[in-house]
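Here's a quick look at one protein model, with the packing of its helices and its nonpolar core in mind. Have the viewer open as you read.

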Amino acid sequence: MAGGDGTNPPVLFVVGTAGAGKSTLVTSFQRWSRFLEVDVLAVNLDPGAERVHYDTEFDVRDLVSLSEVMDEYDLGPNGAQILAADLVAAQAYDIQDELEGLSGDLLIIDTPGQVELFAFREASNHLVEVLGQDRSALIFLFDPMLSRSASGFVSQMLLSNIVHFRLGQPTANFLSKADLLEPDDLERVLEWGERLDVLEAALFEESSARLADDVAAGQRVEFAIGQLRMMEQAQIQPGLIPLSSEEEEGLADILSFAQNLFGGMADTRDGFAADIEHERDDWGA
Ligand SMILES: Nc1nc2c(ncn2[C@@H]2O[C@H](COP(=O)(O)OP(=O)(O)O)[C@@H](O)[C@H]2O)c(=O)[nH]1
Ligand SMILES: [Mg+2]
């Protein structure tokens, strides 16, 4: 493995479906951390990003340009995204060289718009291994609008688990753009994250309202809930933490997730604890 002299900061990969709020989170997290004097370094791994609003230590667009890939290989935007993702992964060691020796508290990595470009390409495990160097984790973002229905919520839980399974990294689930949800919706979604029985009831209700065939609907619900129950028993990624990059809520939870895993940043510890208490109050929890 390249590097690995033990001084590199731990790495958080931000993952989620297209438009879930990954890039905005990186911007807001970096800005917010400055006030705590926690040095958060950022990397853009999305060759298709139009604009990047955070300070980057490395920007993959310097290495692979989507428009050049389209021209050179005569591909449309979708094909080019896929090829670009593989080209990026193939240069993992070069990227790691660029990042070697950086002294920050934490490195946060923005990933391509579509989650499958990061999680489901053959080469991405390699990328995570090289850049993460055994000290990395995933922040998985739930889309708030999709989360409002029980079936959309469950689909994202399962997707988060598939990504966790693919990449084999500790994963925390965050409900992105929580500021866009009505208080009632927010409360309901967060309860689903904690109580499988409530989620199961909501799933049954939703599918019986939608589908005439109760038996098939019932089987689907049982299948999905069965999977979630197994995940719960295996203690894989319990819970869902509300997050708003817009209102700077939930950012302390990201920091404390990293801190619990990797330690360090001890001098600011009291600061986070106070902040987290404060945020819990804000969300009415
Ligand atoms: N209200 C609100 N909008 C957000 C928040 N985070 C992101 N957005 C918006 O969601 C859209 C997609 O965000 P982006 O970060 O580009 O998503 P990505 O594809 O996952 O990187 C943009 O229009 C953002 O302004 C948030 O916390 N609150
Ligand atoms: Mg993005």
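What follows goes from the overall fold to one helix pair and then to the core.

## Ground rules

This is a predicted model, so to speak: local features need pLDDT of at least 70, side-chain atom pairs count only at pLDDT 80 or more, and totals for chains, interfaces and linings use all residues. Residues are numbered from 1 along each chain as its sequence is written, while chains are lettered from A and ligands numbered from 1 in the order in which they are written.

## Overall fold

The protein chain has 13 helices and 7 strands (DSSP runs numbered from the N terminus: H or I of at least four residues for helices, E of at least two for strands). Of its 285 residues, 44% are buried, meaning 20 or more other C-beta atoms, placed from the backbone, lie within 10 Å of the residue's own.

## Helices α4 and α6

The axes of α4 (residues 92-99) and α6 (residues 124-132) come within 9 Å and cross at roughly 20° (lines fitted to C-alpha atoms over the stretch in contact, with angles from 0 to 180 degrees between N-to-C directions). That makes α4 and α6 roughly parallel to each other, the label for angles under 35 degrees. On the α4 side, A92, Y93, I95 and Q96 make the contact, and on the α6 side H126, L127, V130 and L131 do (C-beta atoms placed from the backbone, within 7 Å).

## Nonpolar core

The largest nonpolar core has 75 residues; such a core is a set of buried Ala, Val, Leu, Ile, Met, Phe, Trp, Tyr and Cys residues joined through C-beta atoms within 7 Å. L12, V14, V15, I108, I109, I139 and F174 touch the most other members. Leaving out residues up to four places away in sequence, I108 touches L12, V14, V26, F29, Q30, V40 and A42.

Technical notes: Buried ≥ 20, exposed ≤ 12 C-beta atoms within 10 Å, placed from the backbone. Parallel < 35°, antiparallel > 145°, perpendicular 65-115°, else oblique. Contact = placed C-beta atoms within 7 Å.
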